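Biologist: I would like to go through the labels attached to this model one at a time. For each label, please give the value and the cut-off behind it.

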Amino acid sequence: MRAQSTVAVAGIVGLALAMAACDDAESDQDAAPPPAATTEPESTEEPPDDGTATTDDDAILAGDRQITIEVVEHPEMILLVDGEGRLGPSPGPDDFDTFVLVPSGEDTHMIRTAVPDESGEPACMGIDNSGTSSLTVLAAACDAGRDGQLFTIEDIEDGGYAISNNSAYLQLSTQSGDLIAEELGHSRLDTTFTFTDEGEAPAAPGE
């Protein structure tokens, strides 16, 4: 009888030890830290240039970009060449509303159309002083030796640019609304411009 009791007690003790071992194993599993989360490295690849991003004005003034020219005082207006070859303001857009500012000479630029005209060549803006009451700006064959096609582009403190040729500034006429070139004298500058990047400038003729 005592032998049976001893066996029973031993069995109970063994079962208790086995259950305790299982509890310890489960506790160890519960205490184990979760696996570290893996993170994807941040991409350093820049989005492709679609021509609409803001570009440093230095690239524009270097002739590397084609642009539209907006009138600061009339945000709805851009400059374009009309059917008579005259540069003027318009709500746009049009075939001839993009330009390239081509450095030419010291601190001057030629304002060249980005799109060729019917001759297959781009045109350049130039002052027309053929005797009319007001100087106007007309498109003509590009000629870096023609003084009327060399414009000075001045950065104005309020963020716009003034465009002039031999002290005659491009202004919107207060009478007609047309674009004219006039010496300011004692008058203040009423018309300034900003440039919007429209993508890489097309190759110049012969390039």
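Biologist: Which element gives the most to the lining of the second largest pocket?

Modeller: β11 does, with three residues. This is a predicted model, and the pocket in question has a volume of about 160 Å³. Its lining consists of Gln171, Leu172, Ser173, Thr174, Gln175, Ile180, Glu182, Glu183, Leu184, Ser187, Arg188 and Asp190. The elements that give two or more residues to that lining are β10 (168-172) and β11 (179-183).

Biologist: What makes a residue part of the lining?

Modeller: A lining residue has an atom within 4 Å of a point of the pocket. The residues that line the second largest pocket divide by class into three nonpolar, five polar and four charged.

Biologist: Why is glutamine 175 called exposed?

Modeller: Its relative accessible area is 72%. Exposed means over 50%, so glutamine 175 takes that label. Glutamine 175 lies in the loop between β10 and β11.

Biologist: How do you know that the side chains of glutamine 175 and threonine 174 make a polar contact?

Modeller: The contact joining these two side chains is 3.2 Å, and the cut-off for a pair of N or O atoms is 3.5 Å. Residues adjacent in sequence count only if both atoms are side-chain atoms, and here the contact is between side chains.

Biologist: Why is aspartate 190 called partly exposed?

Modeller: The value for aspartate 190 is 33% relative accessibility. Buried means under 20% and exposed over 50%, with partly exposed in between, so aspartate 190 counts as partly exposed. Aspartate 190 sits in the loop between β11 and β12.

Biologist: Which residues does aspartate 190 touch, not counting those up to four places away in sequence?

Modeller: Aspartate 190 touches Glu73 and Gln171 on that count. The side chain of aspartate 190 is also joined to that of arginine 188 by a polar contact of 3.2 Å. As for threonine 174, 16 residues away along the chain, its C-alpha atom is separated from that of aspartate 190 by 9.4 Å.

Biologist: What makes threonine 191 buried?

Modeller: Its relative accessible area is 4%. The label buried requires a value under 20%, so threonine 191 is buried. Threonine 191 is placed in the loop between β11 and β12 (193-200).

Biologist: What does the side chain of threonine 191 reach at 3.0 Å?

Modeller: It reaches the backbone nitrogen of leucine 172. Leucine 172 is also among the contacts of threonine 191 once neighbours within four places in sequence are left aside, together with Val71, Glu73, Leu170 and Gln171. Contact here means heavy atoms within 4.5 Å.

Biologist: How much space lies in the largest pocket, and which residues line it?

Modeller: About 220 Å³ lies in the largest pocket. Its lining residues include Val81, Asp82, Phe96, Thr113, Asp117 and Glu118. By class, the lining has five nonpolar, three polar and three charged residues.

Biologist: How many helices and strands does the chain have?

Modeller: The chain has two helices and 12 strands, and its pattern along the sequence is α-α-β-β-β-β-β-β-β-β-β-β-β-β.

Biologist: What share of the chain counts as buried?

Modeller: Of its 207 residues, 34% count as buried. The chain exposes about 13,300 Å², and carbon and sulfur atoms supply 51% of that area. Among contacts in the chain with a separation of 6 or more, residues 24 or more positions apart account for 47%.

How values were computed
Residues numbered from 1 in each chain as written. Predicted model: local features only at pLDDT ≥ 70, side-chain atom pairs only at ≥ 80, totals over all residues. Heavy atoms only, no water. 1 Å grid on protein atoms, 1.4 Å probe; cavity = no way out; pocket = protein on both sides within 12 Å on 5 of 7 lines; lining within 4 Å. Points joined across faces, edges and corners; volume = space filled by probe spheres on them. Nonpolar A, V, L, I, M, F, W, Y, C, P; charged D, E, K, R; others polar. Helix = DSSP H or I, 4+ residues; strand = E, 2+ residues; numbered from the N terminus. Buried < 20%, exposed > 50% of the residue type's maximum accessible area, 1.4 Å probe, protein only. Polar contact = N/O pair within 3.5 Å; in protein donor to acceptor, adjacent residues only side chain to side chain. Areas by Shrake-Rupley, 256 points an atom, 1.4 Å probe, with all protein chains shown as cover.
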